[in-house]
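Please open the model in your viewer and keep the sequence panel beside it. The tour below goes from one selection to the next and says what can be found at each stop.

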Amino acid sequence: MPVALLPDRALVTVTGPDATTLLQGVLTCNVETLRPGEARLGALLTPQGKILFDFLVSRIPDGFRFDVLADRAADLAKRLTLYRLRAQATIAADPTVAVAAAWAGATPPAAEAVADSRAADLGARLYAAAGAFSAEAAEADYHAHRIALGVPEGGRDFAFGDAFPHEALMDQLGGVDFRKGCYVGQEVVSRMQHRGTARTRILAAAYPDAAPAPGTEITAGGKVLGTTGSAAGNRGLATIRLDRLGDALASGETPLAGDRPVTLTRPACATFPMPDVAASAAG
């Protein structure tokens, strides 16, 4: 049973009688349908629909817990406080609890485990007092597991304030509820969903040897298709313009990450349409 501590993650809690109403009106995900024991992907967006924060949200007895990048936790708490207005809700960082991930097996009895709902095989998030159990795997092992499943994370695979939820696969990973009603940035996200205008997506990337550094340009025929994201070994993730990829493949061009050939495929967790090479060639 691999268990890895995630020291780059931290917790923010939102508690009180108005916590559900407050969060339902600002987050991309649906907190009303959030099941006990589930960690659900969600985001807080700009009014223009771009991701400011991504996180996993789960229930606690008196409210909700946000599992977020540690260096973004204080800013998330501050941003949520701006939206609180007169709501009876308390928003605070919780430095007393450590975050870990477990996959392919049971979890330590000393920790609370909640299922990570982004992908079936991703495993569980663990929350426990610091030092409550020993990790059997490194943080890098967890990210290799995540990357193999094609699951992106903010700050590693896309820049905050720059990517739309569709581009970060949030629509594929259960991070956006298209039926719950208004939230910050909802109009833009809904329009992209109904018009099918998401031209940029995060794809799985495979290399013949070690992956290049994150941020490396991916090109084909002299045109930029996108950039590389996080990687482990010869596998990684990449942000790609699908229309440009389709044109390149139709022209017989090989995508290159720097000077390395790269094979780009749809992640196993996703169902969005990939470029139709035959249609591109005909056009």
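Two strands are said to pair if DSSP finds at least two bridges between them. With that in mind, and remembering that this is a predicted model, begin by selecting strand β3, residues 38-45, together with strand β8, residues 112-116, which pair in the parallel sense over two bridges. Within this pair, Glu38 has Ala115 of β8 as its bridge partner.

**The nine-stranded sheet**

Now widen the selection to the whole sheet around β3, an open one of nine strands in the order β1-β7-β9-β8-β3-β4-β5-β2-β6, with mixed pairing. At the edges stand β1 (3-5) and β6 (90-94), each of which has a single partner strand, so one side of each is left without a neighbour in the sheet. If you look along the sheet, neighbouring strands are turned against each other by 35° on average, direction ignored.

**Along β4**

On continuing to strand β5, residues 63-69, you will find five bridges joining β4 to β5 in an antiparallel arrangement, with Ile60 standing opposite Gly63 of β5. This second hairpin, of β4 and β5, has two residues between its strands. How many of the ten residues of β4 are buried? Eight of them are, so that β4 is mostly covered.

Next select helix α4, residues 186-195, where Val188, Val189, Ser190 and Met192 are buried; the buried residues of this helix pack against β3. Gly196, which follows α4, has a positive phi near 60°.

**The seven-stranded sheet**

Move on to another open sheet, in which seven strands follow the order β15-β14-β11-β12-β13-β10-β16 with antiparallel pairing. Its edge strands, β15 (260-261) and β16 (263-265), each pair on one side only. Inside the sheet, select β10 (residues 200-206) and β13 (residues 235-241), which pair in the antiparallel sense over seven bridges, and note that Ala205 has Gly236 in β13 as its bridge partner. Helix α5, residues 242-250, lies across β10, β11 (217-220), β12 (223-232), β13 and β16, and runs at about 100° to β13.

Stay in strand β13 to pick out Arg241. Is this residue buried or exposed? At 18% relative accessibility, Arg241 counts as buried, since the cut-off for buried is under 20%. Not counting residues up to four places away in sequence, Arg241 touches Arg199, Thr200 and Leu225.

**The nonpolar cores**

Finally, show the side chains of the largest nonpolar core, which has 50 residues, and in which Ile51, Met170, Leu203, Ile218, Ile240, Val262 and Leu264 touch the most other members. The elements giving two or more residues to this core include β3, β7, β10 and α5, and the largest share, four residues, comes from β3. Centre the view on Leu264, whose contacts, leaving aside neighbours within four places in sequence, include Leu203, Ile218, Ile240 and Met274. Apart from this core lies another, of 26 residues, among them Leu22, Val57, Ala89 and Ile91.

Note on methods
Residues numbered from 1 in each chain as written. Predicted model: local features only at pLDDT ≥ 70, side-chain atom pairs only at ≥ 80, totals over all residues. Heavy atoms only, no water. Contact = heavy atoms within 4.5 Å. Axes fitted to C-alpha atoms, helices over the stretch in contact; angles between N-to-C directions. Buried < 20%, exposed > 50% of the residue type's maximum accessible area, 1.4 Å probe, protein only. Core = buried A, V, L, I, M, F, W, Y, C linked by side-chain atoms within 4.5 Å.
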